[in-house]
Amino acid sequence: MASKIKVKVKLNGDVAEVKSLMLHPMETGSRKDPDLGATIPAHYITELTFLNNGQNVMTVHCSTAVSRDPYFSFSFSGAKAGDTLAVRWVDNLGETDSVETVLG
Amino acid sequence: MHLSRRIFLHGSVALAALWAVPRALLASAWPSKAFAASAASEAMTELFGTDQATPSSAISLTAPEIAENGAVVPVSVETTLQNVQSVSIVVEKNPRPLAISFEIPAGTLPEMACRIKMGETSQVTAVVKTDSGLFSASKEVKVTIGGCGG
Amino acid sequence: MKMRALCLLAAMALMAGQAPAASAQESPGEAEAAASVTAEAAADAISRAEAARRLAAEHRAEWLETAGLIEQARESAALGDYEKAMALAEEARQQGELAVAQAEREAEAWQRRVVR
Amino acid sequence: MSSAAHRIAAVCLAATLSLAARADPEQDREAFRAYFLKRFPDVPVEEYVNGIYAIDPEARAQWQDIEDFPPYEFAVEEGEALFGQPFANGRSYADCFDNGGVGVRQLYPRFDLQRGEVVTLELALNLCRIGNGEQPYPYEGDELVALSAYMAWTSRGQAIAVEIPDDPRALAAYEDGKRFYYSKRGQLNFACSDCHVTSAGAWVRADHLSASLGHPSHFPVYRSKLGKMISLHSRFYGCVRDVGAQPFDEQSEAYRNLEYFLTYMSNGLEVNGPGARK
């Protein structure tokens with residue numbers, strides 16, 4: 001299955017401006033199903049990692065208070081065209097998704 | 001017609017090796033106790049060992065005065081403080097105040113943005129941890145009850 | 001729930017000075033509906049309510065809660081609570097009639113609102 | 001009068017009548033547009049495609065933040081993939097539309113003279129499927145909304161150009177949509193126009209009511225409240241329900257005619273769908 005993570009990177013000199021968006025329900029665990037009335041179990045990304053050429057450039061720890069279909073942006077220096085930026089998340093149910101982007 | 005630049009997606013097979021890097025080299029583990037805390041001070045103490053942070057004008061916290069939608073509140077943090085190790089966002093009135101924590105390795109700039117949920121009007125605080133201590137900036141974000149929406 | 005409250009507020013705000021759609025709160029006969037409502041009377045009320053609802057639907061004017069009220073009335077009747085079934089059916093019937101009256105009013109009235 | 005003069009007079013009369021009938025929607029459109037331009041003199045006409053964000057600056061900044069990397073990009077991508085998938089018979093959606101289906105959103109809804117009814121983009125997609133031996137998609141499902149998101153995306157910047165052909169059935173469909181738009185309904189006794197013309201810009205609790213001019217330009221939209229894409233008819237459904245009326249099904253004749261009228265009112269404005277809404 002295709003990754004449900006999108007990454008956009010803008011290079012300004014050696015600074016990479018990273019924006020990423022991913023599909024995830026980010027269920028809080030306190031919401032009720034409008035049809036069934038049952039509580040929907042918590043389901044949320046706990047950790048998101050960005051590696052540039054294998055080197056960690058950002059780790060994000062999330063709670064259920066991060067919005068559905070989460071969006072994050074940040075910048076790091078020391079980037080150059082041709083670098084490979086890898087993004088991966090893991091959620092509280094142990095599911096994961098990842099994607100690689102070549103800077104350029 | 002303007003189609004967006006398409007990001008080429010490589011298979012994730014080759015990635016497996018990368019993720020095998022020992023976790024200790026990456027960052028600290030997910031702070032479950034801090035995220036479970038129901039009071040802001042408790043979350044701070046769990047995360048940093050203290051709930052005291054020095055207010056700093058070197059931190060710029062951007063968030064709306066009135067959230068258009070409590071489910072999606074854009075928040076961004078930027079700071080001129082040096083040697084930043086982490087940036088956390090605490091929403092005082094949320095049932096679990098610690099919303100998110102960015103672990104920042106050397107070389108990564110202390111500027112980031114995300115979208116968070118807010119249950120009600122609350123003080124939103126950015127807590128910046130540097131090698132010389134904890135600093136903070138706060139802002140009140142009003143959350144209102146929407147109309148028909150959209 | 002939240003949305004209903006909102007829309008009622010909005011209705012009051014926007015329609016100040018205009019007569020709102022009549023509320024279906026008071027159902028004549030409900031007060032004196034004796035404890036002796038029969039199964040037949042309840043069934044009759046339900047079928048009258050259903051007829052009123054259908055007529056409103058034909059006018060593309062059915063209200064949101066009418067079908068639900070009829071459903072509740074049927075459930076109450078099935079449980080033997082004919083008094084409650086009757087009250088619910090009466091409310092549904094009135095909604096149906098008010099919706100038809102609304103549609104008949106609007107057959108001409110809508111033209112007054114056209115932006116010219 | 002000579003018979004030639006009679007003929008000329010008859011032709012002129014017919015032309016005038018036909019013009020009068022056809023000028024009607026155009027007069028409606030001009031008046032509709034003029035109403036909002038007068039009501040919000042500081043809002044440039046091309047801004048109306050942004051819905052409430054045209055007239056609510058506080059909400060606009062937050063919306064722009066989301067539009068910077070909008071969640072609907074996933075739907076556009078999914079729609080593009082679906083659009084490119086050939087049917088079992090080897091044909092594809094591209095064969096059913098002008099210009100291979102690229103950049104045609106602005107022409108919908110259109111009045112189909114053969115069918116004698118308003119055909120929306122979603123209906124056209126399903127008719128394409130049926131015509132090629134495929135099952136139609138459910139209107140509440142994700143597929144049609146993704147396809148329509150992709151088709152809107154390829155049509156961004158095109159001026160909405162809904163036509164009312166010279167046919168009494170087309171005009172009747174337009175009139176039916178117009179009547180629906182201006183008729184009060186539901187327990188709250190509201191017409192579409194009560195909120196989105198008369199009270200546009202006013203508060204509904206903590207929200208402002210959007211202006212109807214430009215309403216259909218940005219659909220389908222990703223609603224962050226729901227965490228998914230919704231069609232224009234799903235929005236109609238929500239509005240009708242919110243005024244306490246029994247909503248109609250998506251792609252019902254009532255909603256197709258309403259879309260026909262409402263989109264005609266926005267003729268000349270740009271397609272900017274898909275959009276992001278709260």
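Q: How many residues does the contact take from chain A and from chain B?
A: The contact takes 42 residues from chain A and 39 residues from chain B. The model is predicted. Heavy atoms within 4.5 Å make the contact.

Q: What area is buried between chain A and chain B?
A: About 3300 Å² is buried between these chains. Carbon and sulfur atoms give 59% of that area. The value is summed over both chains, so each side's loss is already in it.

Q: How many salt bridges and how many polar contacts does the rule find across the interface of chain A and chain B?
A: Zero salt bridges are found. Polar contact is another matter: 17 residue pairs, both at pLDDT 80 or more, are found.

Q: Which strand of chain A gives the most to the side that touches chain B?
A: Strand 4 of chain A does, with seven residues. Among the other strands supplying at least two residues are strand 3 (45-52), strand 5 (71-76) and strand 6 (84-91) of chain A.

Q: What does the domain assignment give for chain D?
A: It gives domain 1 (24-69 + 165-277) and domain 2 (73-153). Their C-alpha centres lie 22 Å apart. The contact takes 22 residues from domain 1 and 23 residues from domain 2 of chain D.

Q: What area is buried between the two domains of chain D, and which residues of domain 1 lose the most?
A: About 1900 Å² is buried, and carbon and sulfur atoms give 65% of it. D:Arg169, D:Gln251 and D:Arg256 lose the most in domain 1, together 27% of what that side buries.

Q: Why is the meeting of D:Glu117 and D:Arg256 called a salt bridge?
A: Their side chains meet at 2.9 Å, N to O. The limit is 4 Å, so the pair passes. The count between the two domains of chain D is two salt bridges. It is four for residue pairs in polar contact. Helix 9 (253-265) of chain D gives the most to the side of domain 1 that touches domain 2, with five residues.

Q: What makes strand 5 and strand 7 of chain D partners?
A: Three bridges join strand 5 (residues 221-223) to strand 7 of chain D. Two would be enough, so they pair. They run parallel. D:Arg223 stands opposite D:Arg277. The open sheet has the order 6-5-7, with mixed pairing. Its neighbouring strands are turned by 35° on average, direction ignored.

Definitions and conventions: Residues are numbered from 1 along each chain as its sequence is written. Chains are lettered from A and ligands numbered from 1 in the order in which they are written. This is a predicted model: local features need pLDDT of at least 70, side-chain atom pairs count only at pLDDT 80 or more; totals for chains, interfaces and linings use all residues. Side-chain values use heavy atoms; hydrogens and water are left out. Domain bounds come from an automatic or database domain assignment. Buried area is the accessible area (1.4 Å probe) that two parts lose on being put together, summed over both. A polar contact is a pair of N or O atoms within 3.5 Å; within protein, one must be able to donate a hydrogen and the other to accept it, and residues adjacent in sequence count only if both atoms are side-chain atoms. Helices (H or I, at least four residues) and strands (E, at least two) are DSSP runs, numbered from the N terminus. Axes are lines fitted to C-alpha atoms, for helices over the stretch in contact, and angles run from 0 to 180 degrees between N-to-C directions.
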